[in-house]
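Please read it alongside the sequence and structure shown here.

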Amino acid sequence: MSSELTPPAPPRLLVRQTRWIAEGVVELRLVRRDGLPLPPWEPGAHVELTLPSGLRRSYSLCGDPTERAAWTVAVHLAPAGRGGSREIHTTALVGRELSVEGPVNRFPLLPAPGYLLLAGGIGVTPLLSMARALAAGALPWRLVLGARDRSRLAYAEELTALGGDRVRLVPEDEAGLPDLAAELAATPPGHAVYACGPAAMLDAVTELCRTAVPPRALHVERFGPSVEAEEDMERGRFEVVLRRSGLRLAVPADRSLLEVVRDRVPDVPYSCEEGYCGSCETSVLAGNPDHRDSVIGPQERATATTMMICVSRAASPVIELDL
Ligand code: FES
């Protein structure tokens, strides 16, 4: 296969171009400086960028997977965020190199007889590449994209060109919020549902799919903390035992497990710190995790043997990790 002949992705890629694609959304086009092709990727994949300040942020690849010359990500400005999007929006990045890790795909397009893609705001990015793949095939699909107003409907033209009347654009100031129940009711029961967007939207879709008869096959990707993760970090203190290092540490209510672990194991991997990228996934050897992330689905939590230590805590007085 040609991918076997492709050199591995270099740790740094050049920002060749930036483009304002919707209100508050800038697109970055990343290329190899030597012009060689980039590794292949599948719809739903994301990469992790290290910004000039050292902040690391994950973004879905939203370009055309068949285009090997460049990777494309789109970043929504979150003024109240933790600084990553603000840095991207306010720094002159064209001509600079950024460290890029990945791609990694935790949101793959799995086989199904048809698809309903539900996007809220910048959540359109992984679904755009899925729409491209589906438009090239013969299976039925529809996409619904909601945003506060028309100026914020990122990639609306591309989507309409891909899907025509399969694509429904819902500017909230004109049409209200997308009617998720109606969209699901209009979708054959066997079709897979893929959703990416704000936590409130994903919580609503999750509940609708869970209570549907029969339950819907739902796949979600969150780009912000879940409602649970936003809720209190005040379950009181607990202790963590790092089995490999033999350390026993107290985790106070106002610090995350990741923060406490990093004090003693500085190279522990992490990225989003909001429970949705999976970078900090750690094996649990004893104790009960209190899962608050978006990576491990509600149905998997009871049997999960790992946890995301950036947002999840312990539901037992002590938890032991494979660290
Ligand atoms: S750092 Fe992203 S899930 Fe924990």
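A residue is called buried if 20 or more other C-beta atoms lie within 10 Å of its own, exposed if 12 or fewer, and partly exposed in between. By this count, five of the six residues of strand β10 (residues 192-197) are buried, and the strand is mostly covered. The model is predicted.

**Strand β10 and its partners**

- Strand β7 (residues 115-120) runs parallel to β10, and five bridges join the two.
- In this pairing, A192 of β10 has Y115 opposite it.
- Strand β11 (residues 218-222) also pairs with β10 in the parallel sense, over five bridges.
- Here G197 is the residue that stands opposite R222 in β11.
- Together with helix α6 (residues 199-211), strands β10 and β11 form a β-α-β unit, which is right-handed.

**Cis peptide bonds**

- As background, most peptide bonds are trans.
- The bond between G102 and P103 is cis, with omega at about 5°.
- P103 belongs to strand β6 (residues 97-104).
- V213 and P214 are likewise joined by a cis peptide bond, with an omega of about -10°.
- P214 lies in the loop between α6 and β11, and these two elements take part in the right-handed unit with β10.

- Most residues other than glycine have a negative phi.
- Y155, which is not a glycine, has a positive phi near 65°.
- The loop between β8 (141-147) and α3 (156-163) holds Y155.
- Is Y155 buried or exposed? Y155 counts as buried because it has 24 C-beta neighbours inside 10 Å, and the cut-off for buried is 20 or more.
- E273 also has a positive phi, of about 60°, and is not a glycine.
- E273 sits in the loop between α8 (257-264) and β14 (281-286).
- E273 has 18 other C-beta atoms within 10 Å, so it is partly exposed; this class lies between the cut-offs of 12 or fewer and 20 or more.

Technical notes:
Residues are numbered from 1 along each chain as its sequence is written. This is a predicted model: local features need pLDDT of at least 70, side-chain atom pairs count only at pLDDT 80 or more; totals for chains, interfaces and linings use all residues. Helices (H or I, at least four residues) and strands (E, at least two) are DSSP runs, numbered from the N terminus. Two strands pair if DSSP finds at least two bridges between them. A crossover is right-handed if, with the strands pointing away from the viewer, the path from the first strand over the helix to the second runs clockwise.
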